[in-house]
Amino acid sequence: MTMERHLFVLQRLSAMVLAPLVLIHLGLIFYAVRDGLTAAEILGRTQGSLGWALFYGLFVLAAAVHAPLGLRNILREWTPAGTGLVNLLALAFGLLLAVLGLRAVVAVVA
C-alpha cells in the first residue's frame, strides 16, 4: 500500500472513532445545559475520573490524527507548497492538537 492509501485509511478510521465520541459529547452538553449545571459542577463530576480521562483522551488523539490529515489534503490542493512542507505543517498541527488537547484533559480530570 502506498503512503497516500495508508493516510486515507487512517483518516477514515479516525472518523469512525470520532463519530460516536462527538455524538456522546454533544449529548452530554445538552444534558448539562438542560439541567443547568455550572462549570464548577461539571468539573466536580469529572475530576479524578479515569473513565472521563480515557474518553476525552481518545477523543483528543482521534481528532489529532483526523484533522491534520484533512488539513494536509486542503493544503496540497489549494496551495503551491511542496509535499514536504505540507507534510511538516500537518504533522506540526497534529502534534499541537495532541499536546494542547491532552493538557486540557489532564487539567479537567486531575
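Reader: How much accessible surface does the protein chain have, and what share of it belongs to carbon and sulfur atoms?

Author: The model is predicted, with local features needing pLDDT of at least 70, side-chain atom pairs counting only at pLDDT 80 or more, and totals for chains, interfaces and linings using all residues. Residues are numbered from 1 along each chain as its sequence is written, and side-chain values use heavy atoms, with hydrogens and water left out. Accessible areas come from the Shrake-Rupley method with a 1.4 Å probe; for residues, only the protein chains shown count as cover. Here the accessible surface is about 7400 Å², and carbon and sulfur atoms hold 76% of it.

Reader: Which secondary structure elements does the protein chain contain?

Author: Elements are DSSP runs, numbered from the N terminus: helices are H or I with at least four residues, and strands are E with at least two. In this chain there are four helices and zero strands, giving the pattern α-α-α-α along the sequence.

Reader: How does the radius of gyration of the protein chain stand against that of a compact globule?

Author: The radius is taken over C-alpha atoms, and the globule rule is 2.2 Å times the number of residues to the power 0.38. For 110 residues a compact globule would come near 13 Å, whereas the protein chain has 17 Å. Its C-alpha atoms fill a box of roughly 50 × 25 × 20 Å along the principal axes.

Reader: What span does helix α3 reach, and what span is expected?

Author: The expected span of a helix is 1.5 Å times one less than its number of residues. Helix α3 covers residues 50-78, 29 residues in total, and reaches 42 Å from its first C-alpha to its last, close to the expected 42 Å. Within this helix lies alanine 53, whose C-alpha is 31 Å from that of isoleucine 74, 21 residues apart in sequence.

Reader: Which residues of α3 are buried?

Author: Buried means under 20% relative accessible area, exposed over 50%, and partly exposed in between, with a 1.4 Å probe and protein chains only. In the protein chain, 22% of the 110 residues are buried. The buried residues in α3 are Phe55, Gly57, Phe59, Val60, Ala62, Ala64, Pro68, Leu69, Arg72 and Leu75. Their cover includes α1 (3-34) and α4 (83-109).

Reader: Why is arginine 72 classed as buried?

Author: Arginine 72 is classed as buried because its relative accessible area is 3%. Contact means heavy atoms within 4.5 Å. Not counting residues up to four places away in sequence, arginine 72 touches Met3, Glu4, Leu7, Val86, Asn87 and Ala90.

Reader: Which residues does glutamine 11 touch, beyond those up to four places away in sequence?

Author: Glutamine 11, found in helix α1, touches His66, Leu69, Gly70 and Asn73 under that exclusion. Glutamine 11 is buried, with a relative accessible area of 9%. Its C-alpha is separated by 9.6 Å from that of alanine 63, 52 residues apart along the chain.

Reader: Where is leucine 21 found, and with which residues is leucine 21 in contact, leaving aside its neighbours within four places in sequence?

Author: Leucine 21 is also in helix α1, and its contacts, with those neighbours left aside, are Phe55, Leu58 and Phe59. Leucine 21 is buried at a relative accessible area of 8%.

Reader: Among contacts between residues at least 6 apart in sequence, what share joins residues at least 24 apart?

Author: In the protein chain that share is 80%.
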